[in-house]
Structures are given as C-alpha cells and as structure tokens.
Amino acid sequence: MARSPVVCLALLLAASCGGGDSAPSVRSNSEEVQGRREEVKVAGESSADSSGEVMRLLRSMDDTDLEVRWRAEFALGRVSPYGIRSLADALRDENPRIRLAAAFVLGAQGKRAKPATTALIDALADKEGGVRTWAAQALGDIDPDDYRISSALTKALHDPLPDVRRVCLTILTRLGPRAAEAVPALIDLLQDADAGIRARSCVAFREIGPDGKAGIAALVARLADPDSIVRDRAAEALAKVGPDGVPALARALKERDPNVRRLAAEVLGAFGGESRSADAELNEAAKDPDAAVQKAATEALRRVKNDAGDAASMRGTTFIESPDAVARRSAGYKWAKFGLFVHWGIYSVPARAKPGQQSEWLMENEQLSVKEYEHFALNFGAENFNPAEWAKLANETGARYLVLTAKHHDGFCLWNSKLTPYSAARFAPAKRDLVGELAAACGKADVKFCAYYSLLDWHHPDYGPNFPKYVEYAHGQIGELLANYPLWGLWLDGEWGHTVDDWKGGDLITLLRQSKPDAFINDRLGRESRGTIAGVDFYTKETDVPATILRMQSRPTAWEAAQTFGHSWGYVESSDPLKSAERVIVEMVDAVSKGGNFLLNIGPRPDGTIPDALRERMKIIGAWLQKNGDSIYDTDRSPFNGRIPAGRVSVKGSRLFVFLEEYPKDGIITLPGLKTKIREAWVLDGKRELQVRDTGIQAPDLIEGSPVTVVAIELEGVPEVKK
Ligand code: GLC
C-alpha cells in the first residue's frame, strides 16, 4: 500500500523510511486520533510562536498517525520568527527525536532559518546521523554562499554517514567554482566506498572547473572506476577542469584498461588544439588494438588539427520566423507567469530517495537494470487519476499552465506512443493515455498544457551504442506529441550528455515551429547551451535562481524558475522536508520581480492522487494569488534593477507593485531614482488607500498571516528611473 509523502520520523531515526509493513497505519479513526489531528490542524491555521507550542508540535512529528505528523510538519513550516528561535533551541534538546524533528523542519524554512545558523552548524556534530543530515540540508537552504556555512559543510564532507556526505556534496556542487575551498576534501571523496558519492564528487569537480586542477590525478584514476557512471563523470570533470590535465591524460592513453584509454582520448579531443602536446600518444592510440579507442583517438587528432573543441559546435537553429509569432508567444508566456509542473511516472511507485537524492532518479541512484526498474510499472495503475480534478486543482492554485512529464529520464511514456510499448497505455496496468486525458481536461479548464520530454533515456537500447538512431526515435516521439496533442509548450530536459548538433536541435525547433507556431520551447537542447542558445523561447533555472539570475537579467530572453516542494521532483514516500506555502510564495515573487515565470512542481502518487500535504499548501498559494495575482500575472521585472529598500518590485505598464515581507524602516516605502510622478497607492489585498508623501509612500500594517503584503502604486506613466 502506498504511504503518504510526509515525515516518517519514527522510522527516520532508524535511518530509513523504506517500504514494508512497519509503516504506521494511515487510517485510524479513533476519537483520540481525531482529537490530535484537530489540534495540529488548528495549530497550522496560525503561526506558532511560543516555545511551548513549538515543542508540542515537534513531539507530534513523532506521532503514530500519519496525518498528525504531516499536519505538525505543516504547522512548523509556518512558525513565526520567534518560533524559528525555539526550533534552534530544540536542536539542543536531550531527546534525539526532538532534535531530529527540529533539524528536519528547519530544512523546510529556507532563508527564514537564518537565525538558527549557529545551532545548525553545531548540530553537524550531533551524535545522531539523522540530525546531522537534516542540519546539513537546512544550512544549504539558508545560504551556501555564507562562508561559515560553506566551511562547515566542507568539513562535514568527511562525516562517517554517507547521507551527510551526499547532502553536503549536493549543496557544495551548486556553488560551482565558489566551492574550490572543498577541493582537498573532494579528492578524498573520489575514493569513497559509495559509488554514488564518487560520481557526485566528479560532478563537483566538473562544476568547479579549472580551480579544481589539484584533483586531476585523482580524476584520471577514476577513469578506471569499476562503476561506469563514475568513469563517465570523471571524464566530464576532466574536460571541464581543463588542459592542465593533458599530460596526465596522455599517459592514461597507455593504461591497460581500454575504457581508460578511450575516455582519455575523448577528453583530449574535447580540448581541441590545446591537446597538441599529446600528439605522439594520440597517434599511437589511433593504432590501438581496441576499435573504440582507435576511433576516439582518430577523432581527437582531427579536433586537435582543426582546433574544433566542443564550444564551436554550440549552434542554435537557423529557422527564420515572423516577428509576430515571436511577439505573440512572448506575450502569452508573460501573461501566464505561473505554471504547475507535474512529475509523474513509474518512479512514483517505489517513491524513494536518500537524503541528497531525487526520487525520479532512482534508476541511476540505485544502479537498477532496465529489467529491475521495469518491474515498478506493474504498480503504475492510475486508478484514481481524475484529469478534470487535476486541471481544477491547477486553476485553484492559480497556475495558468501545466507541464506534465510525458517522458522522464527513465524512458517511460505517459502517452500511447507508436514507437515503443513502454508506456502507461501499453506496458502498465493504467492502460490509459494520460497525456491525452490531461491535455483534454486542461483545455476544458482553460489551463494551457505543455509536455516535458527527456532527451536522455536510460531505457532505450539505442541511447548509448546507437545514438543517431536514438535521436531519430526522440524526434519521432516529439513529432507524435506535437501532432496528437494541443501543446502550448515543449519542455525539454536531459540534454546535457550531447551537443545541440548531436541532438539535431535545429531540426527539432523547426519541427516545432512548423507544426505549432504558437508553442514554446525551452533552452535544454544541447550540452552547455542552457541560458545561451538562440532560437528558443525561454531559459530555465531551478533551485539556484538567486545566484545566477543577475547574469540573465541582461538578456532579453524570457526565463523560468522551476521549484519543487521537497528535494525530489517525483513523489517520495520517505522523508523530504516540504517547503511551506509561504516560502514558495516568496520564491515566486522573487522570480517574478526578476522578470521570470515560476513553475511549481508536485509529484502525484502512482494511483493519480495528490497528497494532502501538497494540496494544503497549494490552497494557500491559490488564495494569495486570488487577492494579489495582479502583481504577478503579465508583469515585468523591477524597473529599479533589483530590490528597493522596502522589498521586491514588479511592474505592469504604469503600475508598480512592491512586495513587503517586513515592515519598512521608518514606515516609508521609498522609490529611489523614480522620476515618474505617483498618482495613488493602495494595498492590493483589500484595496486600502495609502498616503503618498514627498519621501515615498506611507507603509501599511502588514497583512496578518500573509507572507507578502503587496502595495500597488499607480504612476502617471510608465516608470522612469534614474540609473
Ligand atoms: C533536474 C532533475 C530532473 C527534473 C528537472 C526539472 O534536471 O534532475 O529530475 O526533472 O530538474 O527541472
């Protein structure tokens, strides 16, 4: 039986939330349980702030009843700033379950948990592994760029528990070159007993780039790793760390293991002319007894000669279209602003992820064979899938579009593809065309429907060995989606292993533009092309929006931030602290104030039901948008080039919106550099007029219970701001 996605804290302490009969009973109707549920439900309706209340809720996180647990988590996600301090104190409680629960819920708070930073850093030395794991996670969500935090996480890379090491690695990887301080620890992790961790440390080196050169020798050694994923990641990392690796790679061309020789040749090829000093060794390798090595070395020599490294092959499309079509699409995309992302597939059946992992990556996380993984499809029944109800939920949440994973990296299709039997319609007991049904229901509910399609495919036999044939398959499938469903957009992913040219990205854009001129396409079309490729409609970013967005602001292309409630995108039954609705609203406001769209993800269960813990949060977001949607939909980014002292800003024509999270200093909203005259100002929710003064606008009291109070300011024209 499927369990709900909330904290199974009792089991967590035993360091596992796996399946089995030990799951607490979901249905318990005794009056006593009802009473406990009611109590935590009430607590979730306001924001707890006394330490007594916080402690009571923390204890409820250990309740035998599932609903009591998720409601307690829900309530703790909304505590007041004072409550955050109580949670920090609870990290020092003598009861390990209380400490664990506190670390766990602090992980859902994001930057709000900042006052708990010191306590969380101390908790990295807790006796209990679970406490250390969730403390690390929480610190990463506060601000991994904070030096105190990044050094503490770097130190924790040597934690005895793999979960802690994995979480720290995942967070530090997101820092890219700013994680260079961690290089010595990362070199140690390249020898970790856990293959997943070795692979992740390679990814960390890839993201660090040239500053990771101290790791070259250790990375070259990984080309001989017993695990093929580690070998591939090591090669990718070496390519990014750069040509300082040429001498070591030239030596590796003489290793006994043909895999090592082939990968070394491939990396040398990626450097183009910079591998010139390895000419002699490459010439030798071009005569290698192993055919794959020969091929890689010959290709590398060609690149060395022509100096055609990977960067040169990054081209977009040549498809020329009318400016009208482009303008129409971009207006439509801006109008929509907020979408719902749905990750649904057979990974929703096992629904598990260790801390620092994502459930939809299960096949790779656990190195499952195609056969082992296919087995999960037997329980993908979609028995309770009600597409009209999903579309209604999207509407109620305020989402104007919905993106469904028609195919994720596992290759399993949610529509009845003619090109493979591996689909919900033919391979799984669902026996339904889920894409078709949801597209139709969305159409009726006026929610724009988009398909997510993963180019990467762990299931298709041609993906690795016969790549050009696989590309034909992928184009064929995308053609099916375009021909058979009313797509408003095509959301690609999983492109990173190959270049735009390998994917024939230009042809894909042409295919889309010809069959659906009003449909969008995102930027995940080829290795290293995100955020730069021409000819697409929007750039995508996930989770690390604040760090990267400033670079994007200077570009005209639209962009979108994708965020999920937990750490996984697919459904998880094991623990995964869920962000509060309030935190998600702030994330949405952040993206919108920077000109982005916001795509909020949910993971339904395999039967098609959507967990109540998510629904409750979506209800709050929908209610906030009902009142404040004018400041979100169809708006542009702040004309002030970022925040003003009072908070974030968006604009629609001559109307500014200021998003207040705190009461502004001196009680005045100042608008630095604004040259346009102010006509009037009011609180958006409730329409209360505000006094306009010479210095700015009299700030209103903040709306109780709302994470953001929006002030609308009507100007005499479009805002002009002194730069
Ligand atoms: C990342 C995840 C993937 C998810 C996607 C959504 O690429 O690895 O599983 O589908 O983000 O943007």
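Biologist: What joins strand 1 (residues 338-342) to strand 2, and what makes them a pair?

Modeller: Four bridges join these two strands, and they run parallel. Two strands pair if DSSP finds at least two bridges between them, so strand 1 and strand 2 are a pair. The model is predicted, so local features need pLDDT of at least 70 and side-chain atom pairs count only at pLDDT 80 or more, while totals for chains, interfaces and linings use all residues. Residues are numbered from 1 along each chain as its sequence is written, and side-chain values use heavy atoms, without hydrogens and water.

Biologist: How do you know what counts as a strand or a helix?

Modeller: Both are DSSP runs, numbered from the N terminus: helices are H or I with at least four residues, strands are E with at least two.

Biologist: Which strand pairs with strand 2 through six bridges?

Modeller: Strand 3 (residues 448-454) does, again in parallel. Thr 405 stands opposite Tyr 452 in strand 3. From strand 2 the chain passes through helix 23 (residues 434-445) to strand 3, a right-handed β-α-β crossover.

Biologist: Why is a crossover called right-handed?

Modeller: With the strands pointing away from the viewer, the path from the first strand over the helix to the second runs clockwise.

Biologist: Why is strand 2 said to be largely enclosed?

Modeller: Seven of the seven residues in strand 2 (residues 401-407) are buried, so the rest of the structure largely encloses it. Buried means under 20% relative accessible area, exposed over 50%, and partly exposed in between (1.4 Å probe, protein chains only). Strand 7 (residues 558-564) is mostly covered, with six of its seven residues buried. Six bridges join strand 7 to strand 8 (residues 596-602) in parallel, and Ala 561 stands opposite Phe 598 there.

Biologist: What makes Arg 524 and Asp 493 a salt bridge?

Modeller: A salt bridge is a side-chain nitrogen of Lys or Arg within 4 Å of a carboxyl oxygen of Asp or Glu. The N to O distance here is 2.9 Å, so the pair qualifies. It links distant parts of the chain, 31 residues apart: Arg 524 lies in the loop between strand 5 (520-521) and strand 6 (538-542), Asp 493 in strand 4 (residues 489-493). Both residues are buried.

Biologist: How many salt bridges does this rule give?

Modeller: The count comes to 53. One of them joins Glu 587 to Lys 579, with the closest N and O atoms 3.2 Å apart, and both residues are buried. Another joins Arg 648 to Asp 590 at 2.9 Å. That pair links strand 10 (residues 647-652) with helix 27 (residues 581-593), 58 residues apart.
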